[in-house]
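I opened this structure to look up its salt bridges, one of its strands and a patch on its surface. My notes follow.

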Amino acid sequence: MKDLTEQDFLSGKVDLHIHSTFSDGKADFKDILESAKKKGYKKIAITDHNTVEGHKRYKDDILITGVEFDCWFGYVFIHLLAYNIDVNHPALEPFMAKTKAETEGDLIRLFSKRNVPDLIKAIHEAGGVAVLAHPACYWALSLEKLVKDLMKHGLDGIEVFYPYPRFRKIVKFHSSKDVMKIANKYPQLIKTGGTDFHQENFL
């Protein structure tokens, strides 16, 4: 993942934030993968909510293992992306959804009791990296403080390239410029990006 450049994300041929029918997406996991290969994607990550069941069934050279966890960090409800994880690692099991509803129901996911420091530790134990998803969406008085506090617990990256103008347009408390500024201020953070795809036909 660290070998992906800003230009890779801007080219439209890398998408590290995709959802399938294993959570709240409308497209089949295998269909997304096949479509991405036909369209010449360099890398994709299917990051279903709180589940890695798709990754246990399908593997490919362009596919990065991923998952998006719903969790509370203090008073802020956040989404934490995990990449390059061993999907069978026992450290991750306590944080995975136990029912299908926990992968797709917004209200149910709001009741998450995942402990973020423990979750990041588990992601690292599973060989992965922890990335804060769509940071501009969080109701945090100081986005930079939120990021710095997460970094104290091992946060590895921040999702910089994200289509705020066409998705989460209303629920947005900060700007994409704020996110980029923070990412540039802390160069140790990996910059990632994705479309947060949920539709039927992968583009």
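I count a residue as buried when its relative accessible area is under 20%, as exposed when over 50%, and as partly exposed in between. The model I am reading is a predicted one.

Entry on Asp70. I looked up Asp70 and found a relative accessible area of 0%, so Asp70 is buried. Asp70 forms a salt bridge with Arg109, with 3.0 Å between the closest N and O atoms. This pair links distant parts of the chain, since Asp70 is in strand β3 and Arg109 in helix α5, 39 residues apart. Arg109 is buried as well, at 7% relative accessibility. I also noted a network of salt bridges that links Asp24, Asp70 and Arg109.

Entry on other salt bridges. I get a count of 9 salt bridges. Among them is the one between Asp60 and Lys37, at 2.8 Å from N to O. Asp60 lies in the loop between α3 and β3 and Lys37 in helix α2, so the pair ties together parts 23 residues apart in sequence. Asp60 is partly exposed at 22%, and Lys37 is partly exposed at 46%. Asp149 pairs with Lys145 at 2.8 Å; the two are 4 residues apart in helix α7, about one helical turn.

Entry on strand β6. I found 5 of its 5 residues buried, so β6 is largely enclosed by the rest of the structure. Strand β6 runs parallel to β5, with 2 bridges, and parallel to β7, with 4 bridges. Ile158 is the bridge partner of Leu132 and stands opposite Lys191 in β7.

Trp72, Leu107, Leu110 and Phe111 make a nonpolar patch of about 460 Å². Leu110 is in helix α5 and is partly exposed at 35%.

Conventions: Residues are numbered from 1 along each chain as its sequence is written. This is a predicted model: local features need pLDDT of at least 70, side-chain atom pairs count only at pLDDT 80 or more; totals for chains, interfaces and linings use all residues. Side-chain values use heavy atoms; hydrogens and water are left out. Patches are made of residues with over 30% relative accessible area and no salt bridge: like charges are joined within 9 Å, nonpolar side chains (Val, Leu, Ile, Met, Phe, Trp, Tyr) within 5 Å. Accessible areas come from the Shrake-Rupley method with a 1.4 Å probe; for residues, only the protein chains shown count as cover. A salt bridge is a side-chain nitrogen of Lys or Arg within 4 Å of a carboxyl oxygen of Asp or Glu. Buried means under 20% relative accessible area, exposed over 50%, partly exposed in between (1.4 Å probe, protein chains only). Two strands pair if DSSP finds at least two bridges between them.
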